[in-house]
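Subject: Structure for you to look at

Hello,

Here is the structure I promised to pass on. Please open it first, then read my notes below.

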2 protein chains.
Amino acid sequence: MHGLIGLDWGTSSLRAYRFDGAGRIAETRARPWGIRQLPEGGFDAALADVTAGWPLLPRLACGMVGSRGGWLEVPYLDLPAELAHLVDALDRLRAADGMDVHLVPGLRDPHGPDVMRGEETQLAGALALRPALAAASSFVLPGTHSKWAVVRDGAVTGFRTLMTGELYALLQRHSILGGDATATRDDAAFARGVATARDSGAAGALGRLFTARALMLDGVLAPGAVPDYLSGLLIGEEFRIALADGLARRDVPLQLIGDPALCERYRRAAALFDIDLPSPLQDAAAHGLWRLAVQAGVAVTAPEETRAC
Amino acid sequence: MHGLIGLDWGTSSLRAYRFDGAGRIAETRARPWGIRQLPEGGFDAALADVTAGWPLLPRLACGMVGSRGGWLEVPYLDLPAELAHLVDALDRLRAADGMDVHLVPGLRDPHGPDVMRGEETQLAGALALRPALAAASSFVLPGTHSKWAVVRDGAVTGFRTLMTGELYALLQRHSILGGDATATRDDAAFARGVATARDSGAAGALGRLFTARALMLDGVLAPGAVPDYLSGLLIGEEFRIALADGLARRDVPLQLIGDPALCERYRRAAALFDIDLPSPLQDAAAHGLWRLAVQAGVAVTAPEETRAC
């Protein structure tokens with residue numbers, strides 16, 4: 001049987017891909033079984049369920065499943081890390097079904113310090129999809145913990161975690177800035193937030209959070225528009241920080257990876273920084289899992305003649 | 001009867017001062033009755049209880065009691081605002097006991113925008129205690145919402161709210177950076193946090209929050225030391241922002257106002273910025289209430305001969 005089972009296994013969710021021998025995704029399944037919320041029976045039970053009925057194929061997993069507190073801790077690779085070298089650092093464990101699960105290591109930037117697990121596989125997938133970006137590019141992967149990464153000559157040379165999504169949720173749910181008003185989409189409020197961060201100079205947007213309250217007291221922001229203002233302020237601050245610290249450069253392509261709806265916010269913010277952001281790459285983790293599995297000889301690829309069928 | 005009753009009435013607490021005719025504090029009482037958590041009977045009941053047994057004296061109140069949602073909304077004074085002119089903008093209401101309560105207005109910085117209520121009275125008190133600071137000084141009032149204020153020629157010319165205390169609590173209680181480990185005092189971790197913010201350049205410390213986790217994974221920070229590291233990072237960021245935006249200047253005196261234990265953290269942070277911070281001023285709100293009441297003719301001052309008794 002040709003193919004691979006790829007597992008993108010994070011803190012709060014598990015996504016499984018069944019690839020055919022040519023690397024095409026034959027089926028995708030998602031479960032809410034992040035490593036902190038596993039079903040009865042733990043990792044083995046989760047794996048058995050998410051792959052139920054699928055042929056017995058080699059498995060490659062990325063994400064927090066390889067962290068301390070995961071299934072098996074796989075040491076981080078320190079930067080600079082050539083994405084092609086990730087395969088040399090794969091680890092594996094024997095699952096209860098008697099077959100191996102191979103694991104992708106995370107990356108560590110000693111200059112932060114900072115760490116990632118899972119995003120390195122998305123970056124590998126992004127370079128598989130857009131080989132021209134390998135020479136010199138920056139990537140932004142929005143999320144609970146957004147990552148900005150710099151790639152030079154196929155290697156990740158630096159990255160930074162920005163806790164934008166988590167901070168936004170905290171401020172909305174628990175802070176004085178979160179209201180009980182119903183949030184209404186307000187593109188002007190979002191743009192105002194982005195511009196406030198952009199124009200905050202070297203002091204930065206952390207010192208501008210309270211403007212959300214002052215603008216509401218002024219009657220400039222409707223209570224329901226505060227969430228979009230805060231979203232703009234925090235996403236705009238990502239761009240300001242990235243430009244200030246060289247994580248993004250105006251003379252190097254910047255590429256989004258991730259969920260289209262969230263990425264659309266980043267594209268709107270980018271426009272206010274006069275940065276043109278192309279459409280996001282999707283399924284980057286799946287592409288990365290396949291690419292790494294092929295490089296490592298883990299995937300069972302179909303011969304050329306079969307692939308043509 | 002000579003004297004005054006001063007009320008420092010905020011969101012979460014009420015503090016009442018009984019002054020004698022010479023402005024000395026004869027008694028202080030505190031109640032957990034902020035404007036959002038009043039006792040049965042509301043503002044009138046709170047006032048009656050906190051002043052029970054005290055002589056009938058004029059009352060002057062500052063803080064959120066004068067906000068929308070307070071007892072009476074007193075409009076903000078826009079900057080630049082001479083602290084001596086606050087008295088021209090006092091408002092008053094008639095309490096259920098048939099006597100007036102005078103209210104101090106808050107300040108609004110249109111360039112933020114930003115707002116304060118209560119701190120303007122502390123600043124007035126600080127200048128009463130340290131008249132030499134009226135010419136040119138900066139003030140820092142640490143707290144849930146820290147305020148940094150610039151004073152020139154007796155007027156507040158700019159200020160900024162930094163949500164340090166609230167962010168610290170949110171990150172500790174609700175974020176991935178908050179552990180269940182018991183916090184242990186760790187001065188080295190605090191200093192490391194301050195230095196990380198200080199050295200974060202124009203990008204700033206918001207992009208360094210995640211280092212708290214990476215340093216813990218590295219084994220550099222014990223889980224119990226993360227709170228002090230975060231405290232240092234956020235307080236250090238206040239100084240970095242204040243210096244970047246001219247809220248503090250190295251050629252102008254900087255003065256703390258507030259709780260000694262919290263202020264001690266700011267003094268340690270200041271030292272790492274090569275700034276010498278003198279001991280904090282205390283009871284600044286009380287001094288400000290007395291000073292403003294005298295200027296407004298609200299306080300009943302004792303004649304000179306009586307005052308000497």
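In what order do the six strands of the open sheet in chain A run? The order is β3-β2-β1-β4-β8-β7, and the pairing is mixed. Please keep in mind that this is a predicted model.

The sheet first. Its edge strands are β3 (25-31) and β7 (91-94) of chain A, and each of them pairs on one side only. From one strand to the next, the twist averages 20°. β7(A) pairs with β8 (residues 100-103) of chain A in the antiparallel sense, over four bridges. There, A:Asp100 in β8(A) is the bridge partner of A:Arg94. Helix α1 (residues 42-50) of chain A packs on the sheet and touches β2 (14-19) and β3 of chain A. The direction of α1 makes about 135° with that of β3(A).

Next, helix α2 (residues 119-129) of chain A. Nine of its eleven residues are buried, so α2 is largely enclosed by the rest of the structure. Among the buried ones are A:Glu119, A:Glu120, A:Leu123 and A:Leu127.

Last, the contact between the chains. Chain A gives 31 residues to it, and chain B gives 31 residues. On the side of chain A that touches chain B, at least two residues each come from β10 (114-116), β13 (155-162), α3 (164-174), α5 (211-217) and α6 (226-244). α5(A) supplies the largest share, four residues. By type, this side of chain A has 16 nonpolar, nine polar and six charged residues.

Best wishes

Notes
Residues numbered from 1 in each chain as written. Chains lettered and ligands numbered in written order. Predicted model: local features only at pLDDT ≥ 70, side-chain atom pairs only at ≥ 80, totals over all residues. Buried ≥ 20, exposed ≤ 12 C-beta atoms within 10 Å, placed from the backbone. Contact = placed C-beta atoms within 7 Å. Nonpolar A, V, L, I, M, F, W, Y, C, P; charged D, E, K, R; others polar. Pairing = 2+ DSSP bridges. Axes fitted to C-alpha atoms, helices over the stretch in contact; angles between N-to-C directions.
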